[in-house]
Amino acid sequence: MATITAQRTALARPARAARLPFTGRAVRTLAARRAALTAHNPRQVAVPLIGPALLALVVAPALKVATGGLHSHIDYTSFVPLSCVFAGLSVIVDRHSGAQRELLAAPVPRSYLVLGNLLVAIGLSALQVTVLVGLSAIRGGQFHITATGAAWFVAAALLFTVFMYGVAETLASKVKKQEDYIGAVPAVAILPFFLAGALFPIAAMPAALTAIAKALPLTHALALLRYGFVDPRGSGLHDIWSMSNVTVEAWLSFAVLALFAVALTAISVRAFTRSAVR
């Protein structure tokens, strides 16, 4: 009996070991396919960078001058991965006239398709952030970057990107037409930008809107991004949590972002899987 058990264990280990490389190869292959469709020429790479470039070179300096900084030392530097939101359009196109039907017949879990698309969205958003920060530094933006601050910045950007792509994938699974998807983008991506403290402190709004802002993932993401690179005192985090320990506030906002990222990823996989069988 002991010999049989040992043999079964020995057979199971290679099977599990083989499954992991297969998973990695499958997701990388699907990500490469999505990248080839959405970022295979200079124009497709450059277009998502126009927004961050305008924000860093035009919008942020103009707001700083027009408002006098709202009596704050914090520079106007914000990040919204709109490339993730519009990535949902490619999912709709792929469903109607692309190769999604053939991919669904491939011997891979359907969640891999979502994960492959997510990797491409993360790559494009990372490029957006790099351009935004780089151009902000060139035009004279003030940064206070430390190793710990950089870790907070990267974590916040990554988690919020994952969350936003989960939103995009879920919306794409629910919406039939590209026109309807584009019509939903302002409510999904643009409206939270104005409520989340991107242009003014959330405390400047009426109490009801401030309460809503504290529940938005973008509010926590912006507070962490600024805490990491431009606001070591954590003014944005204090506006949310009203605590004295900024490190505890940062961890709380990190937990909120992680919760939203995990939840929306799971929801997007479920929504994609259900829409695929319709």
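Buried means under 20% relative accessible area, exposed means over 50%, and partly exposed lies in between (1.4 Å probe, protein chains only). This tour visits a predicted model, in which local features need pLDDT of at least 70 and side-chain atom pairs count only at pLDDT 80 or more, while totals for chains, interfaces and linings use all residues. Residues are numbered from 1 along each chain as its sequence is written, and side-chain values use heavy atoms, with hydrogens and water left out.

**The whole chain**

Display the protein chain as a cartoon. It contains 11 helices and 0 strands; helices (H or I, at least four residues) and strands (E, at least two) are DSSP runs, numbered from the N terminus. Of its 278 residues, 43% count as buried. Switch to a surface view: the chain exposes about 14,300 Å², of which carbon and sulfur atoms supply 70%. Such accessible areas come from the Shrake-Rupley method with a 1.4 Å probe, and for residues only the protein chains shown count as cover. Contact means heavy atoms within 4.5 Å. Among contacts between residues at least 6 apart in sequence, 75% join residues at least 24 apart.

**Stop 1: Thr210**

Select Thr210, which is found in helix H8 (residues 207–214). Is this residue buried or exposed? Thr210 counts as buried, because its relative accessibility is 11%. A polar atom of its side chain lies 3.3 Å from the backbone oxygen of Met205. This is a polar contact, that is, a pair of N or O atoms within 3.5 Å; within protein, one must be able to donate a hydrogen and the other to accept it, and residues adjacent in sequence count only if both atoms are side-chain atoms. Apart from neighbours within four places in sequence, Thr210 is in contact with Ile202, Ala203 and Met205.

**Stop 2: helix H9**

Next, select residues 217–229, the 13 residues of helix H9. The expected span of a helix is 1.5 Å times one less than its number of residues.

Phe193, in helix H7 (residues 178–195), is buried at 15% relative accessible area. Trp152, in helix H6 (residues 147–174), is buried at 9%. Trp152 and Phe229 are 77 residues apart in sequence, yet 8.7 Å separates their C-alpha atoms. Beyond its neighbours within four places in sequence, the contacts of Trp152 include Leu224, Tyr227 and Trp251.

**Stop 3: the loop between H10 and H11**

Move to Ser242, in the loop between H10 and H11. What is particular about its phi angle? Phi is near 55 degrees, a positive value in a residue other than glycine. Ser242 counts as exposed, at 60% relative accessibility. Met243 lies in the loop between helix H10 (235–241) and helix H11 (246–276), and counts as partly exposed because its relative accessibility is 33%.

**Stop 4: helix H11**

Finally, select Thr265 in helix H11. At 18% relative accessibility, Thr265 counts as buried. Its side chain reaches the backbone oxygen of Ala261 at 2.8 Å.
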